[in-house]
Amino acid sequence: MAPISKLVLLLMCAYHTLVAQAGDDDLRSSYMVLSAGSLKSATVNCTDPKVSAPSGGGVTVPLHHRHGPCSPVPSTKAPTLEEMLRRDQLRADHIRRRFSGVKQGGAGDVEESEVTVPTTLGLSLGTLQYVITVGIGSPAVNQTMFIDTGSDVSWVQCKPCSRCHPQADPLFDPSSSSTYSPFPCSSAACAQLRQDGQGNGCSGSLCQYIVNYGDGSSTTGTYSSDTLALGSSTVKNFQFGCSQSESGNLLQDQTAGLMGLGGGAESLATQTARTFSRAFSYCLPPTLGSSGFLTLGAATSGFVKTPLLRSAQVPAYYGVLLQAIRVGGRQLNIPASVFSAGSIMDSGTIITRLPRTAYSALSSAFKAGMKQYPPAQPMGILDTCFDFTGQSSIRIPTVALVFAGGAVVNLAADGIILGGCLAFAANSDDTSLGIIGNVQQRTFEVLYDVGGHAIGFKAGAC
C-alpha cells in the first residue's frame, strides 16, 4: 500500500485551492537564461550568507558547501558527479526500503522558539550534504558536522576511538568536559533509543548506540549528553552518540560527525523544540563559494506552505504531496493519481526522484523546449542531457513543482540543470515513494514547521 495514505487522499481531493507563489511574481517567464560557465564548478572566494537575525528567540548558524572555499574543514578532492550520483542512488534505494509497506498517516505532532546555524554542502555517507560548526562540551570544542533531515541520532567521534577516520577538528574528549554525562542502560533515554531500533546493548552499565547507513557504513559508541553551543545559544543536556568505532566508508573527509534533523525523538530538532519551537529552516547554497544557514526556532510567516505528512513507523522523514509539474509555465498533463505514493523532503539526497510517468512527461516537455541544443550521453541516473559546447549562454524552460494546498515552487536554474542534464530522475514505477532532493531545494529557505504541520518555501534566501 502507498506510504502516504489517508491524509494524501484528503489532500488530493482538496487540490484546486488557492495557489500561492514561492517567487516574487505571480507569473514568471516561461524561460530563463543562464551562463554556460555556471554549469561548471569553479574555485571562487567565499561569500557571507544572507542571514538575518531570528525573530522569535531562535538561533541561526552558517551552512556551507563541503568542497568550497567557505568550508571550515580543509578541502579534499571532490568525487566526480558520476560517483556522487551512484552513491545517491544507494541512499534513495535505502530510503525506499525503509518505507516499504509503511502507511504514512497525518500531520505529525512535534514544539516552539528559534535558533539559526550556518550549513555547508558536503559529502556525507556517500552523497552531497552540507555542514555546520557547533561547539560540544564545557569548555566547548568546535566540531564540524554534516546535517541530515533523514537521520535522528547525532554523533561525533570521541576519545578513545578504536576505529575512527581523520578529522580536522580536535577529537572530542569526554574526560575534558565538565558537563559530559554518559547515559546508563537503565535511563529513559536509553530505553527510547532501544525502542527506536538504534540501541546496541550495554558496555558495562553504559548505554550503547548504533547507526547503520544505506551504503553499509555504521557508527557505534556510548550514548551521552553534554552542552551544545549553536552560535550564541547553548543547549544543555544535548543527547548524542560518542562514536568510538565505525565501519565502511563513513565520513572519510575530515568532518567530525553528523547532526540529525529528522523527526524522531533523538534529533536536534526534536530535542530543542521546547527551547526554540517546533520549527526549523535551512537554506542550501547554490554554489561552492556561497553560504547558507540553518535556523532552529524559525519564523513561520512569509512562506508558501504545503501540509506536512508523517509516518509513525518511520518518524525521521518529513513527507509532502507533489500534485503537478509545470514546464515553461504550462502544467503537464499528469493524472493526480500518479503522485499518490507521496514524497519526502531530504537534505541528504542529491536528485529529486519522481514517479516514472511524471518524469517521462517532464523529460519530454523539457526536451521540447531545448530543441536548439543537441542531445548528450546520459550521466548515470540522469538521462535527459544536452551538449552546450560553444555556448556562452543557455536558455532553458522554467520548471515549477506544485504541492498540495496550491504551493507553487518555481525552481532556480541551479535546481533544474546539473552537469548539463535535467536534474531529476525516475523511480522504477509510479507506486514508489518520491524524494525531493537537495539540488531542487537550493536557494530556498525550506521551513519544517512541525508544530504547524507544514513545509514551507521562500525563494532567494541564500
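Predicted model: local features only at pLDDT ≥ 70, side-chain atom pairs only at ≥ 80, totals over all residues.
## Exercises on rings, cores and strands

Residues are numbered from 1 along each chain as its sequence is written, and side-chain values use heavy atoms, with hydrogens and water left out.

**Exercise 1. Classify the ring pairs that involve phenylalanine 457 with phenylalanine 403 and with phenylalanine 444.**

Step 1: recall the approach. A pair of aromatic rings is described by the distance of the centres and the angle of the planes. Planes under 30 degrees apart count as stacked, over 60 as edge-to-face and the rest as tilted.

Step 2: take phenylalanine 403 and phenylalanine 457. Their centres are 5.4 Å apart with 15° between the planes, and the pair is stacked. It links distant parts of the chain, with phenylalanine 403 in strand E26 (residues 399–403) and phenylalanine 457 in strand E33 (residues 454–458), 54 residues apart. Here strands (E, at least two residues) and helices (H or I, at least four) are DSSP runs, numbered from the N terminus.

Step 3: turn to phenylalanine 444 and phenylalanine 457. Their planes stand at 85° with the centres 6.4 Å apart, so this pair is edge-to-face. Phenylalanine 444 comes from the loop between helix H7 (438–441) and strand E32 (445–449), 13 residues from phenylalanine 457.

Step 4: check burial, where buried means under 20% relative accessible area, exposed over 50%, and partly exposed in between (1.4 Å probe, protein chains only). Phenylalanine 444 has a relative accessible area of 1%, so it is buried. Phenylalanine 457 is at 5%, so it is buried too.

**Exercise 2. Which residues touch the most other members of the largest nonpolar core?**

Step 1: set the rule. A nonpolar core is a set of buried Ala, Val, Leu, Ile, Met, Phe, Trp, Tyr and Cys residues joined through side-chain atoms within 4.5 Å.

Step 2: read off the members. The largest core has 73 residues, and Leu230, Ile325 and Ile396 touch the most other members.

Step 3: look around isoleucine 325. Leaving aside neighbours within four places in sequence, its contacts (heavy atoms within 4.5 Å) include Leu332, Phe339, Leu354 and Leu401.

Step 4: find the other core. Apart from the largest one lies a core of 13 residues, among them Leu81, Ile350, Leu418 and Ala423.

**Exercise 3. How do strands E10, E11 and E12 pair?**

Step 1: two strands pair if DSSP finds at least two bridges between them.

Step 2: E10 (residues 199–203) and E11 (residues 206–212) are antiparallel over three bridges, and serine 203 stands opposite leucine 206. Their hairpin has two residues between the strands, and glycine 204 takes a positive phi near 65°.

Step 3: E11 also pairs with E12 (residues 218–230), antiparallel over five bridges. Tyrosine 209 has glycine 221 as its bridge partner in E12.

Methods:
Phe/Tyr/Trp six-rings, centres within 6.5 Å; stacked < 30°, edge-to-face > 60°.
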